[in-house]
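Visitor: I have a model open and a few questions about it. Can we go through some side chains and then the sheets?

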Amino acid sequence: MPASLAVLAELVDGQLAGDGARQIIGANTLDSASANDISLLDSVDKSHRLSRSLAAAVVVPADFPAIDRPAIRVADVHVAFAQIVRHFRPVRSSARFGVSPRAFIGSNTKIAADAAVRPGATIDDDVQIGARSVIHSGAHIMAGCCIGDDVTIFPGAVLYENTRVGPRCIIHSGAVLGAFGFGYKVVDGKHLLSSQLGYVELGADVEVGAGSTIDRGTYGATLIGDGTKIDNLVMIAHNCRLGKHNLICSQVGVAGSTTTGDYVVMAGQVGVRDHVHIGTGAVLGAKAGVSSDVKDGVHMLGTPAVAEREQKLLFALISKLPEMRKQLKELAREVEELRVKKELCISRPQDEAA
């Protein structure tokens, strides 16, 4: 519903500068806002974008310089703008408490009375689902899984047998938890699958992105620590034990039996070999290839990954290679000229003596 700027300013506890009666019908980014939308501007460095925007008003930091259109000044731009967006586009939830009669429910399941199991979801035998958890259509929870309170599992996610999910976790569409690890031994010339008797365990407040996979342990658990956030299209192999509050961005691959400390960051397309340890607070830059242990707090870049400062120096040197090649050829030419002159100087006394 439309709202005046005065109403929006009150909603976010902001200070209004401009016409409070101006009606706003939506909220959008500066580039996409219409003439009746409100937008956000979170830094002075982006002020040039305002001149190209049609937005009727903007949400800005409290100390932002004066601008030529209505503004709502707030302590935290993104928190305030999110409230405004929710006013115009309320979060929609299709979840209802209770188990849909069109869901498949196995035997000996324990589903909290205020949990929601949507039509088309499959819950196998001996599964436990905690209070206020939501299992969306098409999700498949296999036998023996234990789902904590306030968990959301989106359509198409699959949890293999005995997967354990802590409270307040979010598992996005297409994620697979507990698939077999990629472990084989050669017997009589054939690759035979190793034991797949373990499971996956997520701590509290873990998020697993769409299309990501976390393999089960060989005998015990593949563990994901409390608060760790896993982006889309990430692969965590069998027997890994990740610490608390890790951030693992898209297309990262972590090989088997790798461990991490807390607050580790792995940027997009990082590759980590098996049986290494990534120390607490370490940051692995995009496309880093890690083949050995990383100490606490170290920033790594490159393939093979080395300390960030060293890698930046290497990058700088690489950019200078064409110039250095030219200089090397010039030096080689000068050395050749000196060699020829030296030979001439040596040969002339011999010629005079003859």
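Visitor: Start with Arg 168. Buried, partly exposed or exposed?
Guide: Partly exposed, because its relative accessibility is 43%. Keep in mind that this is a predicted model.

Visitor: Which residue does Arg 168 form a salt bridge with?
Guide: Asp 205, with the closest N and O atoms 2.7 Å apart. The two are 37 residues apart and link distant parts of the chain: Arg 168 is in the loop between S19 and strand S20 (170–171), and Asp 205 is in the loop between strand S24 (199–202) and strand S25 (207–208).

Visitor: And how accessible is Asp 205?
Guide: Asp 205 has 27% relative accessibility, so it counts as partly exposed.

Visitor: How many salt bridges does the structure hold?
Guide: 12. One of them joins Asp 31 and Arg 49, with the closest N and O atoms 3.3 Å apart. Asp 31 lies in the loop between strand S4 (26–27) and strand S5 (37–40), and Arg 49 in helix H2 (residues 47–50), 18 residues apart. Asp 31 is exposed at 60% relative accessibility, whereas Arg 49 is partly exposed at 23%.

Visitor: What about Arg 339 and Glu 336, how far apart are the closest N and O atoms?
Guide: 2.4 Å, in a salt bridge. Both residues sit in helix H5 (residues 321–353), and because they are three residues apart, about one helical turn separates them. Salt bridges with shared partners also join Asp 114, Arg 132 and Asp 150 into one network.

Visitor: New topic. Where is Thr 163?
Guide: In the loop between strand S18 (158–159) and strand S19 (164–165). Thr 163 is buried, because its relative accessible area is 0%.

Visitor: What does the side chain of Thr 163 reach?
Guide: The backbone oxygen of Tyr 160, at 2.9 Å. Beyond its neighbours within four places in sequence, Thr 163 is in contact with Cys 145, Cys 146, Leu 177, Gly 178 and Val 200.

Visitor: Now the sheets. What is the strand order in the open sheet of 10 strands?
Guide: S9-S12-S15-S18-S21-S26-S29-S32-S35-S38, with parallel pairing. Strand S9 (104–105) and strand S38 (289–290) are the edge strands, each pairing on one side only. S9 pairs with strand S12 (residues 122–123) over two bridges, and Phe 104 has Thr 122 as its bridge partner.

Visitor: And the pairing in the open sheet of 12 strands?
Guide: Mixed. Strand S8 (98–99) and strand S40 (306–307) each have a single partner strand, so one side of each has no neighbour in the sheet. Strand S28 (residues 229–230) and strand S31 (residues 247–248) run parallel, joined by two bridges; Ile 230 has Ile 248 as its bridge partner.

Technical notes:
Residues numbered from 1 in each chain as written. Predicted model: local features only at pLDDT ≥ 70, side-chain atom pairs only at ≥ 80, totals over all residues. Heavy atoms only, no water. Pairing = 2+ DSSP bridges. Helix = DSSP H or I, 4+ residues; strand = E, 2+ residues; numbered from the N terminus. Buried < 20%, exposed > 50% of the residue type's maximum accessible area, 1.4 Å probe, protein only. Polar contact = N/O pair within 3.5 Å; in protein donor to acceptor, adjacent residues only side chain to side chain. Contact = heavy atoms within 4.5 Å. Salt bridge = Lys/Arg side-chain N within 4 Å of Asp/Glu carboxyl O.
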